[in-house]
Amino acid sequence: MPEQPAAGQDPLPTPGQVARPRDLASGHDPLPTPGQVVRPRDPTSRQDPPPPSPASGQAPPSPASIQDVASGLEQAGYLAAESTALVSFLAAKLGKPVLVEGPAGVGKTELARALARYLQRPLVRLQCYEGLDEAKAMYEWNYRKQLLRIQAEASGTGWQDVQEDIFGEAFLLQRPLLSAIASPEPVVLLIDEIDKTDQEFEAMLLELLSDFQISIPELGLMQAKTQPIVLLTSNNTRELTEALKRRCLYLWLDYPDLEHELRIVRLHSPDLDAKLAQKLVEVVHEVRELDLKKPPSIAESIDWARALILLGAREIDQATFRETISVIVKHRTDLDIVAARVGVKLEPGPTDARPAA
Ligand SMILES: Nc1ncnc2c1ncn2[C@@H]1O[C@H](COP(=O)(O)OP(=O)(O)OP(=O)(O)O)[C@@H](O)[C@H]1O
Ligand SMILES: [Mg+2]
């Protein structure tokens, strides 16, 4: 059953469906071939594409319930909290992008990777940074190839012919965003750390996020052949625009509760002794309570578990804690606070002087 587009929005291609651009000359709706481009008759008049229709070929795996998503992600190595499974399920079903926000190291990026593994889709990743522009994120014209073409055609061909030719798709270099929507198989598109870009870049994304299409002035409209699942992540270093948020489902990923984190640590380090794993998570949670510059995240808990296994630790006592504290705490001032507030409460190690009775 094809999903209905929300009111006021353009119909979107759903998984297993291909967007049909309107044939402007005939009024018919031909199926686009891979990489096909829709040329608007009048660039100033915006035409809504007609509803999507079923495509031939095999549909990608599609979860039937939130529980399906949770267990699928678990099999892919990601233990999703209830809200994470719910939003992921809605994203797959509604075809809406998801904005995932939260502190560093809580599994934002990994969620996209795990979704790609679970749904058996390729992952297309755009790592954002300050100054990222259209040419690096969407597409670029292959100037060298265009030049060679012009030179090869130098004699005998009219300028008009050459010009039309060199602005064809063969001369386009696809960057992550364009390759995600041009992909013949549905992908998971990860736009990682969107808060590192500026507002102009966000504005440039809006067309893609709401209509799954990219306008290329020389070519026209490139519509998604298959609908990607889009995840944007942000560490919340700046407020994102309302326009972007409005187009997305929202997921706030926080530090997990004790039990959840214990499961994650044990998933990543099954060789760690159960009692040691329990103690590790308790200590990390205690450290997180302190007022630190950078509290330890799940990533640090996992690293600490691995370090303890490598060092053959049997206990998390004061000596072990001193030796390994830099795995979980990464600021000079934080080290002092943690040593003074958490370290001292641990059992003394074999080499530590025991307090006088
Ligand atoms: N729910 C989870 N299940 C399994 N592993 C997890 C989970 N959450 C986090 N991890 C692990 O924690 C580590 C950090 O995750 P990730 O890199 O996705 O964090 P992040 O939120 O993207 O951090 P940053 O903001 O610094 O990019 C990874 O090794 C990931 O596998
Ligand atoms: Mg990340």
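## Overall architecture

Of the 357 residues in the protein, 33% are buried, a residue being buried if 20 or more other C-beta atoms lie within 10 Å of its own, exposed if 12 or fewer, and partly exposed in between, with C-beta atoms placed from the backbone. This is a predicted model, in which local features need pLDDT of at least 70 and side-chain atom pairs count only at pLDDT 80 or more, while totals for chains, interfaces and linings use all residues. Residues are numbered from 1 along each chain as its sequence is written, and chains are lettered from A and ligands numbered from 1 in the order in which they are written.

The secondary structure comprises 14 helices and 11 strands; helices (H or I, at least four residues) and strands (E, at least two) are DSSP runs, numbered from the N terminus. Among contacts with a separation of 6 or more, 77% join residues 24 or more positions apart, two residues being in contact if their C-beta atoms, placed from the backbone, lie within 7 Å.

Two pairings of β10 are described here, where strands pair if DSSP finds at least two bridges between them. Strand β3 (residues 98-101) pairs with β10 in the parallel sense over 4 bridges, and Val100 stands opposite Thr233. Strand β7 (residues 188-192) is likewise parallel to β10, over 4 bridges, with Val188 opposite Ile229.

The shell around ligand 1 holds 17 residues, of which Ala104, Gly107, Lys108, Thr109 and Glu110 come nearest; a residue is near a molecule if its C-beta atom, placed from the backbone, lies within 6 Å of it. Helices α3 (108-119), α10 (258-268) and α12 (298-311) each supply at least two residues of this shell.

Ligand 1 lies between domain 1 (45-50 + 62-130 + 176-252) and domain 3 (258-345), because both give residues to its shell. The domain bounds come from an automatic or database domain assignment.

## The loop at Ala170

Ala170 lies in the loop between α6 (159-166) and β6 (172-174). Ala170 is exposed, because 12 other C-beta atoms lie within 10 Å. Ala170 and Gln146 are 24 residues apart in sequence, and their C-alpha atoms are 9.5 Å apart in space.
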